[in-house]
Amino acid sequence: MTSVQVDKQHDGSEAEGATSGEGYQRGLGARQIQMIAIGGAIGTGLFLGAGKGISIAGPSLILAYAMAGLVIFFIMRALGELLMYRPVSGSFSEYAREFVGPFAGFVTGWTYWLFWVVTGITEVTAASEYMQYWTKGTDGWMDQPQWVFALIFTVLLFCVNLISVKLFGELEFWFSMIKVTAIVGMILICAGILTLGFSDAGDTASVTMLWDQGGFFPNGIGQTLMTLQLVMFAFLAVELVGVTAGEAKDPETVLPKAINTVPWRIAVFYVGALIMILSVVPWTHFQPGVSPFVAAFEKMGLGIGAAIVNFVVLTAALSSCNSGMYSTGRMLRDLALNGQGPKFFTKLTKNGLPLVGTSFSAALMLVGVWINYQWPGEAFNYVVSFATISGMWAWIMILVSQIRYRAKSERGELPKSSFRAPGAPYTSWFALLFIGMVIVMMGIDENARISLYCAPLWALLLGVSWLVLKKRASASASQGVDPKA
């Protein structure tokens, strides 16, 4: 029995009408899904955030990325098992709703929606800051304040997402291609320096720099553990491939292939890139807030590298904001179809696009334009704190849902997935414990603690909203009205 047949025969969910993704067009091909999966794992967390991680943990940051990468693979295989059971758009909230409960689906859907709205604001803010590299101090129309570029990027990406899902996929393909090309280019340049000895860093470049600059753990194992929160933030959005399930061509073939590329993506783009960079440039050369790629190019005497990396991180930020525009509309429609959001979010255009949900989310992202207008130098810090904890909630729900689904499938209550997670449920439990440890580390770190302060407020808001929703549904039911109407 295929997963599509399972979807048609599924009778245990209150959301049966929503799970099929009826109305969406399967416009994302294998090439686009693969690059969306790759691009989701490569973002500003690597191009910019790795500089802070290196300054804290030294070369042992490589181990932190490897450990977190293994956990991310467990999460993605858990998601893959669920996707092959039922490939649906809005997958995280759908699975949470079925295997944990309606309230869990409600919380997951709205939290993931908020995650992408906040992330969209942070990324469009970052993109606007990157534009200042070329425009600030120039003569003519290009010398614009930061908020102008924030407005232009927000409107432009909104328009892209209203044309077709195929155009969204094509734009993500090329955004991801730029990021991949940049990292592969850096790896090849570093390999050439190590073997041929060219550039200003050629005389000192050696793999021994991974351990002879104060050791592999120069600041102790404790500091390495403290970087795990930064590392996990860098991997946020890797789960986006699950949101594409309802619009992927041949999802039973495409999605498993995309998920199985996770290990080599992390091994090459994170672990491999850091090994090469730290073998060419001593870890003490890197500073927080400075891209390790820019710092490495400067050390090599390749000044043009700063402009190249600035262009790459610009595309990385726009890619993330583009993904936010895409996912928020799908999440709102899934919530609305299940009676957990306003009904008008269910509307689709003739091209099968969630116009109202995407427009509403883009309107909230315009708050980022106002933030850039009011506090152009501090905008990024004002809105970034909630992203990590809200993004990890989706991972937690994926793992819990997979554990419960596996138990039911083993008892014969549900059909077994055609793409079973190896080592589950033990690997899923391990991933949950790892995420719990990261949250504890966030609480210990005074700089990251603020992200945890927002969580109880958001939980309280959702709890009150849920009670209001249930009261209205009960009143509608007593009057013989469909509560989802």
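Buried means under 20% relative accessible area, exposed over 50%, and partly exposed in between, with a 1.4 Å probe and protein chains only. The model is predicted, so local features need pLDDT of at least 70 and side-chain atom pairs count only at pLDDT 80 or more, while totals for chains, interfaces and linings use all residues. Residues are numbered from 1 along each chain as its sequence is written, and side-chain values use heavy atoms, with hydrogens and water left out.

**Exercise 1.** Classify cysteine 190 and cysteine 321 as buried or exposed, then state how many disulfides the whole structure has.

Solution. 
- Cysteine 190 has 0% relative accessibility, so it counts as buried.
- Cysteine 321 has a relative accessible area of 1% and is buried.
- A disulfide is a pair of cysteine sulfur atoms within 2.5 Å. A search of the whole structure gives 0 of them.

**Exercise 2.** Locate serine 128 and list polar contacts of its side chain.

Solution. 
- Serine 128 belongs to helix 8, residues 102–135. Helices (H or I, at least four residues) and strands (E, at least two) are DSSP runs, numbered from the N terminus.
- With a relative accessible area of 0%, serine 128 is buried.
- A polar contact is a pair of N or O atoms within 3.5 Å; within protein, one must be able to donate a hydrogen and the other to accept it, and residues adjacent in sequence count only if both atoms are side-chain atoms.
- A polar side-chain atom of serine 128 lies 2.8 Å from the backbone oxygen of valine 124.
- The serine 128 side chain also reaches the backbone nitrogen of alanine 150, at 3.0 Å.

**Exercise 3.** Explain why helix 12 is described as largely enclosed.

Solution. 
- The buried residues are Leu228, Gln229, Val231, Met232, Ala234 and Phe235.
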